[in-house]
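Please look over the sequence and the model below. The paragraphs that follow go through it part by part, from backbone angles to the sheet, the rings and the charged pairs.

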Amino acid sequence: MKNETHPEYRKVVFLDTSSDYKFLSGSTKTSEETIEWEDGNTYPLIRVEISSASHPFYTGKQKADKVGGRVDRFKKKYNLK
């Protein structure tokens, strides 16, 4: 592996701005902002708009598609039960 080709991989804190949920993970992203984490260390802070704490799929607030499949539409179209 060549030197200075790959970005530095380090621990960063991701902050979900819609729910104020924070988590520590490894990343190559950089940021001028820093935050002190629960372990007392300071890490770069990366702000994200959505995470598992606010995404509808993970929170259970996902809207289900109420439209039936082909068979249901056919039956409805021809008043079959």
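E4 is exposed, with a relative accessible area of 83% (exposed means over 50%, buried under 20% and partly exposed in between, with a 1.4 Å probe and protein chains only). The residue belongs to the segment before β1, where strands, E runs of at least two residues, and helices, H or I runs of at least four, are taken from DSSP and numbered from the N terminus. Phi of E4 is positive, near 60 degrees, although the residue is not a glycine. The model is a predicted one, in which local features need pLDDT of at least 70 and side-chain atom pairs count only at pLDDT 80 or more, while totals for chains, interfaces and linings use all residues. Residues are numbered from 1 along each chain as its sequence is written, and side-chain values use heavy atoms, with hydrogens and water left out.

D20 also has a positive phi without being a glycine, here near 55 degrees. D20 sits in the loop between β1 and β2, the latter covering residues 21–27. With a relative accessible area of 59%, D20 is exposed.

The strands come next. In what order do the four strands of the open sheet lie? The order is β2-β1-β4-β3, and the pairing is mixed; two strands count as paired if DSSP finds at least two bridges between them. β2 and β3 are the edge strands, each pairing on one side only. On average, neighbouring strands of this sheet are turned by 45 degrees against each other, direction ignored; the axes behind such angles are lines fitted to C-alpha atoms (for helices over the stretch in contact), and angles run from 0 to 180 degrees between N-to-C directions.

Taking the pairs in sheet order, β1 and β2 are joined by seven bridges in the antiparallel sense. In this pair F14 stands opposite F23 of β2. Strand β1, residues 10–16, runs parallel to strand β4, residues 42–48, and four bridges join them. Here V13 faces L45 of β4. The pairing of β4 with strand β3, residues 34–36, is antiparallel and has three bridges, and I35 is opposite Y43 of β4. β3 and β4 form a hairpin with five residues between the strands, and in this hairpin G40 has a positive phi near 90 degrees.

Rings of Phe, Tyr and Trp (its six-membered ring) pair if their centres lie within 6.5 Å, and planes under 30 degrees apart count as stacked, over 60 as edge-to-face and the rest as tilted. How many aromatic pairs does this rule give? The count is three. F74 and Y78 make a tilted pair, with 4.9 Å from centre to centre and 55 degrees between the planes. Ring pairs also link F14, Y21 and F23 into a cluster.

F74 lies in helix α2. This helix spans residues 70–77 and is hardly covered, as the count of buried residues among its eight residues is zero. F74 itself is partly exposed at a relative accessible area of 45%, and Y78 is partly exposed at 46%. Together with L80, F74 and Y78 form a nonpolar surface patch with about 320 Å² of accessible area. Patches consist of residues with over 30% relative accessible area and no salt bridge, joined within 9 Å for like charges and within 5 Å for nonpolar side chains (Val, Leu, Ile, Met, Phe, Trp, Tyr); the areas come from the Shrake-Rupley method with a 1.4 Å probe, and for residues only the protein chains shown count as cover. Just after α2, N79 has a positive phi of about 50 degrees.

The charged pairs remain. A salt bridge is a side-chain nitrogen of Lys or Arg within 4 Å of a carboxyl oxygen of Asp or Glu, and a search of the whole structure finds two. One of them is between the side chains of E8 and R10, at 3.4 Å from N to O; E8 is exposed, with a relative accessible area of 55%. E33 and R47 form a salt bridge with their closest N and O atoms 3.0 Å apart. Because E33 lies in the loop between β2 and β3 and R47 in strand β4, this pair ties together parts that are 14 residues apart in sequence. E33 is partly exposed at a relative accessible area of 35%, and R47 is partly exposed at 47%.
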